[in-house]
Amino acid sequence: MRRVVITGRGTVNPLGADVPSTLAAMADGTCAIGTLTCQDADRLSIQIGAEVRGFEPAAHFDKPQLGLLDRFAQFALVAAREAMTDAAITLTPDRTAVIMGTSGGGFGTQNDAYRAVFQDGKSRVHPFTVPRLMANAAASHISMGIGVTGPTYTVSTACASSNHAIGQAYQMIASGMVEAALAGGAEAMLSFGGIKAWEGLRVLSPTGCRPFCSTRDGMVQGEGAAVFVLEDRDAALARGATVYAEITGFGMTSDARDIVMPSQHGAEAAMRRALGNTAPQSVGYINAHGTGTRANDQIEVAAIRAVFGDHADHLLVSSTKSMHGHLIGAAGAVELLGCLMALDGTVPPTVGVADQDAACDLDVVAGSARATQIDMVLSNAFAFGGLNAVLALARPT
Amino acid sequence: MANVDTTKTMIAILAEQAVLEPTDVALTDTLDALGIDSMGLVEVIFSIEEAFEISVPFNANAPEDSPFDISTVATMIAAVDQLRRAQG
C-alpha cells in the first residue's frame with residue numbers, strides 16, 4: 001500500500017474566506033454563529049446559523065458560470081482553486097480523482113424553484129435548475145475547472161459525507177488506483193426550506209452551539225466548503241511539496257440500529273478501524289463530531305473512553321462546530337482544517353462551554369486554543385442513518 | 001377543567017400515534033406506557049401543532065426544561081389548553 005499525504009488546502013466557511021483566515025479565527029476561538037438572513041427568516045422558529053458572510057459570487061465567476069452554479073458548488077469551486085494553488089501540483093488528469101461530500105446538494109436552488117412555482121404562482125423555473133441542484137454538481141464543476149478525467153463522484157452520507165469522501169480518496173491513492181485526488185465537501189442549506197425541515201426534528205438550538213456543556217440545547221447549522229489535495233507520499237516528497245499531514249487510517253461502520261439516534265458501539269468501531277494497528281496512546285487530539293445535542297456528545301465521550309481507556313484523560317478533544325456550526329455534508333472537510341492546525345501545534349478550542357457536563361468529562365479545550373505538540377489525530381463524523389466515518393492523521397515525517 | 005374538544009382531539013392524536021383505540025388511552029398514561037418513543041413524540045407534537053394551529057415550545061435536547069409538560073396524557077392536554085388560550 002502507498003502512503004498518502006495532504007499537500008493542498010482550500011476553504012470558504014463561516015470563519016473565513018480562505019485557509020489562513022479560517023485558521024486564525026479558529027486559533028482566536030471566534031464564533032461565527034449569528035442571526036439568519038435568508039428570505040422569510042422571521043417565519044422560522046430557529047433564527048440562528050453560521051452563514052458565510054460577505055461572499056461575492058461575481059468576484060469568483062463570470063455571468064455564464066454563475067447561471068450554472070448553486071451556492072454549494074460556488075463554495076466548492078473556490079475552495080478547490082485555493083487547494084490547487086496551495087498544492088502547486090501538476091496533475092495527471094486520468095490518474096486523479098475528485099470525490100466530494102454533500103448532503104443537500106443544490107438545496108438553495110430547489111428552495112427557490114419551489115417558492116417560484118408554489119408560492120409565487122410562476123409557471124416556470126430557471127432553465128438550469130436541474131444542473132444546479134444535482135448533488136454531483138460540485139464534483140463535476142471541480143473536475144471541469146481543473147481538467148480531471150479520473151474517477152469523479154459525490155458521496156452523500158449526511159454528516160459523514162466529507163469524511164467518507166476523503167477516506168475513499170485516501171483508499172484510492174493507497175491502493176494505486178489513482179495518483180492524486182481532490183476531496184472534501186460542500187454544503188449550503190441555510191435557506192427557509194432547509195431550516196424549516198430541520199426545525200421539525202426539534203434538535204436545533206435556539207441559543208447557540210455549546211458542545212459538552214451542561215446547558216447545551218442542540219445543534220446550529222452552518223454552510224461552506226473545504227477541499228484538499230491528497231497525493232502519493234513518495235510523489236509529494238519527490239517534487240518537494242509542503243506536506244501538512246499523512247492520512248494513516250480510515251474507519252467506517254454502520255450502527256444498523258436507528259435512523260437518528262447515535263450508537264456508542266458504531267462510533268467505537270469506526271475509531272478502532274481508523275486506528276488499525278496504531279497504538280491508541282499515540283493519539284493526542286480528537287476533533288469530535290460534537291454536535292451539541294444531548295445524545296451525541298454524551299455517547300461520543302463514552303465511545304472515546306471505551307476506545308482509549310485511561311489514555312482518554314491524556315488526550316485533547318474539541319468540537320469546532322461551536323465556532324463554525326454544523327456544516328453537515330461539509331463538516332468533516334472544514335473540521336479537517338482544525339486537525340491540520342492541531343498537527344501544526346495549535347489545538348482549536350470548543351467555545352461557549354460555560355459549565356462542562358459531568359457526562360462529558362474529557363479535556364475539551366474549552367474557551368481558547370492550546371499550543372502543544374500533537375503527533376496524531378482522529379477526526380470523527382457520525383451521521384444520521386447511523387453511518388460513521390473516522391479519519392486518522394499523523395504529523396508529517 | 002380541560003376543554004372537551006382539546007381532550008377528545010388529544011386522545012385521538014395519541015391513540016393514532018400509539019396504534020391504539022381512543023378508549024385504550026387513559027389520562028394517567030405516560031408516553032412510555034403508550035409505547036410512544038422520542039421520534040413518536042416529535043410526530044405527536046407536529047400533529048398537535050397542525051390540529052390546534054398552535055406552536056408548541058419543545059426541544060428534544062432538553063425535554064425537562066420545556067414548558068410543555070409531557071409527563072402524562074393529562075399534563076399534555078392541560079399544556080395544549082394553555083397554549084390554545086395564549087395563542088388563540
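How many residue pairs are in polar contact between chain B and chain A? Counting pairs with both residues at pLDDT 80 or more, there are 8, a polar contact being a pair of N or O atoms within 3.5 Å, where within protein one must be able to donate a hydrogen and the other to accept it, and where residues adjacent in sequence count only if both atoms are side-chain atoms.

Before going on, note that this is a predicted model, in which local features need pLDDT of at least 70 and side-chain atom pairs count only at pLDDT 80 or more, while totals for chains, interfaces and linings use all residues. Residues are numbered from 1 along each chain as its sequence is written, chains are lettered from A and ligands numbered from 1 in the order in which they are written, and side-chain values use heavy atoms, with hydrogens and water left out.

**Stop 1: chain A as a whole**

Along its principal axes the C-alpha trace of chain A spans about 65 × 50 × 40 Å. Of its 397 residues, 61% count as buried (buried is under 20% relative accessible area, exposed over 50%, partly exposed in between, with a 1.4 Å probe and protein chains only).

**Stop 2: salt bridges within chain A**

The whole structure holds 20 salt bridges over all chains, each a side-chain nitrogen of Lys or Arg within 4 Å of a carboxyl oxygen of Asp or Glu. Select D86(A) and R9(A), whose side chains meet in one of them at 3.4 Å, N to O. Because D86(A) lies in helix α3 (residues 71–87) and R9(A) in strand β1 (residues 4–12), the pair ties together parts of chain A that are 77 residues apart in sequence. D86(A) is partly exposed at 27% relative accessibility, whereas R9(A) is buried at 16%.

Next, select E199(A) and K196(A), where the closest N and O atoms of the salt bridge are 2.8 Å apart. These two residues sit 3 residues apart in helix α8 (residues 192–199) of chain A, so about one helical turn separates them. E199(A) is buried, with a relative accessible area of 11%, while K196(A) is partly exposed at 30%.

Then move to R370(A) and D363(A), a salt bridge with its closest N and O atoms 2.7 Å apart, in which R370(A) is partly exposed at 32% and D363(A) is partly exposed at 29%.

**Stop 3: where chain B meets chain A**

Select the contact (heavy atoms within 4.5 Å), which takes 12 residues from chain B and 11 residues from chain A. Between them the two chains bury about 910 Å², 46% of it on carbon and sulfur atoms, this being the accessible area (1.4 Å probe) lost on being put together, summed over both. The interface has 1 salt bridge, and selecting E49(B) and R202(A) shows a salt bridge whose closest N and O atoms are 2.7 Å apart.

Technical notes: Helices (H or I, at least four residues) and strands (E, at least two) are DSSP runs, numbered from the N terminus.
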